[in-house]
Amino acid sequence: MYFYDANGDKLFQDLMNCEEYYPTNCELEIFSEKTADICNAIIGSGDPFDLIELGAGDATKSTYLLKYLLEQKADFNYLPIDISSNVISYLNITLPVTLPGLNITGLNGEYFDMLKKASSISGRRKVIMFLGSNIGNMPVDAAEQFCMDVRNHLSPGDMLLIGVDLKKNPKTVLAAYNDKEGITKRFNLNLLERINRELNANFDVNQFEHYPTYDPETGACKSYLISKADQDVRINGMETIHFVKDEYIFMEISQKFTVQQIDQMAIKASFKPIAHFFDSKHWFTDAIWVAQ
Ligand code: AVJ
């Protein structure tokens, strides 16, 4: 979560527009091309529901669904959850204008705190959205635990719509985390700059090199920063940190999955996987799980 300060948000926006970073475009294609099928799966037999989005951002993808659900006169409330208060006030103000008739209650805070709050506001059926392959930013064990934690906040029949980046040609994956323009590199270095700004530290970002990796066997796509030299870094109030030349800092994991692994993760967390919606290249899936 520390990647996403104002600079990090901007860099991630730029990344989504760059040629090599495919996940956002794939998921946008799914949401724009399969809108009716996704919505019909969500609407099910038609009882009213709360559509709760974990980490809504600017809600570009969800807007496709919201628009269609409104046209179908589905009885639902939209509850976007985000850690950024800017995001929540933006959504609360703009969405009712772009989507007249939308019932929206933005919730600013951490996922599970806000999920509890959402339950206390209404006792309706829940449909949770967790998009963008954000699940991939957790190592597999933690991802499985996260799915179990989500399930524990739900009742049988509630749903999860989860976006997951799939294993594919390793070169395609690696290129997405090693773009030619160097946006991913700056995205990673921004974390050091942020520590400098906010924790009064003195990282020399020119002395660290972006090192992205992808292991096709495990599906783990990990980014590191490699120290270019023996160097000392001071962070306010902490003892000096020494980096030897070639020492690494592990920055981020973006785990890739097979469809079978996703289905297994669902079952392990007491969900039943009922549908997959793919982009035309089969690079990404939005899966629907029903809580058992
Ligand atoms: C927004 C978390 C899905 O892991 O692909 C992009 C973040 N990091 N490039 C991802 C990210 C480096 C992104 N997620």
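How far apart do the end C-alpha atoms of residues 2-289 lie, and how much of the span is helix and how much strand?

**Entry 1: the annotated span.** I worked from a predicted model. I found the end C-alpha atoms of residues 2-289 to lie 29 Å apart. The span is 40% helix and 24% strand.

**Entry 2: the chain as a whole.** I noted that the secondary structure of the chain comes to 10 helices and 12 strands. Along the principal axes, the C-alpha atoms fill a box of roughly 65 × 40 × 35 Å. I then looked up the radius of gyration, which is 20 Å for the chain. This agrees with a compact globule, because one of 292 residues would have a value near 19 Å.

**Entry 3: the sheet.** I traced an open sheet of 7 strands with mixed pairing. The order I wrote down is β3-β2-β1-β4-β5-β12-β11. At the edges stand β3 (107-108) and β11 (271-278), each of which pairs on one side only.

**Entry 4: β1 and β2.** I next examined how strand β1 (residues 49-54) meets strand β2 (residues 76-82). The two run parallel and are joined by 6 bridges.

**Entry 5: β11 and β12.** Do β11 and β12 run parallel or antiparallel, and how many bridges join them? I found them antiparallel, with 7 bridges. H276 stands opposite A287 in β12. The two strands form a hairpin with 5 residues between them. In the turn I noted H282, which has a positive phi of about 60°.

Entry 6: Which residues are around the ligand? I listed L15, P23, G132, S133, N134, G136, N137, Y177, T184, F187, E252 and S254. Sorted by class, the shell has 4 nonpolar, 7 polar and 1 charged residues.

Technical notes
Residues numbered from 1 in each chain as written. Predicted model: local features only at pLDDT ≥ 70, side-chain atom pairs only at ≥ 80, totals over all residues. Pairing = 2+ DSSP bridges. Helix = DSSP H or I, 4+ residues; strand = E, 2+ residues; numbered from the N terminus. Near = placed C-beta within 6 Å. Nonpolar A, V, L, I, M, F, W, Y, C, P; charged D, E, K, R; others polar. Rg over C-alpha atoms; globule rule 2.2 N^0.38 Å.
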